Amino acid sequence: MTIRFVLNGKPVEIEAPAERRAIDLLREDLGLIGTKEGCGGGECGACSILVDGVTRLSCLMLAAQLQGRNITTVEGLGTAEAPHPIQTALAEHGAVQCGFCTPGMAVTAAGFLAGNPSPDRQAIREGLSGNLCRCTGYQKIIDAVESAAQTMRAKPAKLEDGQ
């Protein structure tokens, strides 16, 4: 089937079996390896992407479900020259250790903050609850999301059309 969608702000048209998993399409067919496969069963959040601005688990999505949607992966959050505030905050707060969960955590946090620009720490915990991290103990991640929220309120960054 031909699947057409917007990926990180750019239109994509690709032939793929409708039943192919979205994570496999993104990683193997499109080369976007920032999206990680942890559990493969929707339990860890490492494969999180934004679908029309809402966090979704790409390991549980079929390629056909991307049709006509706006998809943002970690590669679409920001660049080395212009990182998304959550990417900067995660690094500044030492909220990355092994780094495996970081792409999914960053994507989830970016989507969460787009809809909740002034969260308290409990709301942040709940907003990230679908993402598991084995290394950090979460406190530094929560600190980073709190810091990114402050940065974004001071200088709003838009997350639209995958950007």
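Is Thr 79 buried, partly exposed or exposed? Thr 79 is partly exposed, with a relative accessible area of 43%; here buried means under 20% relative accessible area, exposed means over 50%, and partly exposed lies in between (1.4 Å probe, protein chains only).

Before the tour continues, two remarks on the model are required. The structure is a predicted model, in which local features need pLDDT of at least 70 and side-chain atom pairs count only at pLDDT 80 or more, while totals for chains, interfaces and linings use all residues. Residues are numbered from 1 along each chain as its sequence is written, and side-chain values use heavy atoms, with hydrogens and water left out.

**First stop: Thr 79**

Select Thr 79, which is placed in the loop between strand E5 and helix H2 (85–92). Helices (H or I, at least four residues) and strands (E, at least two) are DSSP runs, numbered from the N terminus. Display the side chain of Thr 79 together with Ala 82: a polar atom of that side chain lies 2.8 Å from the backbone nitrogen of Ala 82.

**Second stop: the two domains**

Colour residues 2–76 as domain 1 and residues 85–154 as domain 2; these bounds come from an automatic or database domain assignment. The C-alpha centres of the two domains are 21 Å apart. Domain 1 brings 16 residues to the contact and domain 2 brings 10 residues, where contact means heavy atoms within 4.5 Å.

The size of an interface is often given as the accessible area lost when the parts come together. Between domain 1 and domain 2 about 960 Å² is buried, 64% of it on carbon and sulfur atoms; buried area is the accessible area (1.4 Å probe) that two parts lose on being put together, summed over both. Select Lys 36, Cys 44 and Val 74 in domain 1: these residues lose the most area to domain 2, together 38% of what that side buries.

Which polar links cross from domain 1 to domain 2? There are 4 residue pairs in polar contact, both residues being at pLDDT 80 or more. A polar contact is a pair of N or O atoms within 3.5 Å; within protein, one must be able to donate a hydrogen and the other to accept it, and residues adjacent in sequence count only if both atoms are side-chain atoms. Strand E3 (residues 48–51) gives the most to the side of domain 1 that touches domain 2, with 3 residues. That side has 5 nonpolar, 8 polar and 3 charged residues; Ala, Val, Leu, Ile, Met, Phe, Trp, Tyr, Cys and Pro count as nonpolar, Asp, Glu, Lys and Arg as charged, and the others, Gly among them, as polar.

Select helix H1 (residues 22–29), in which Ala 22, Ile 23, Asp 24, Leu 25 and Leu 26 are buried. The buried residues of H1 pack against strand E1 (2–7), strand E2 (10–15) and E3. After H1 comes Gly 31, with a positive phi near 75°.

Next, show the side chains of Arg 20, Glu 28 and Asp 29, which are linked in a network of salt bridges. A salt bridge is a side-chain nitrogen of Lys or Arg within 4 Å of a carboxyl oxygen of Asp or Glu. Arg 20 meets Glu 28 at 2.8 Å, N to O, and Asp 29 at 2.9 Å between the closest N and O atoms. Glu 28 is exposed at 55% relative accessibility, whereas Asp 29 is partly exposed at 35%.

Which residue forms a salt bridge with Asp 52? The partner is Arg 69, with the closest N and O atoms 2.8 Å apart. Arg 69 lies in the loop between strand E4 (54–57) and strand E5 (70–72) and Asp 52 in the loop between E3 and E4, so the pair ties together parts that are 17 residues apart in sequence. Arg 69 is partly exposed at 32% relative accessibility, and Asp 52 is partly exposed at 40%.

Most residues other than glycine have a negative phi. Asp 52, although not a glycine, has a positive phi of about 50°.

Tyr 138 is found in the loop between helix H4 (121–127) and H5 and is partly exposed, with a relative accessible area of 30%.

Finally, select Ser 147 in helix H5 (residues 139–154). Ser 147 is buried, with a relative accessible area of 16%. Leaving aside neighbours within four places in sequence, Ser 147 is in contact with Ala 89 and His 93.
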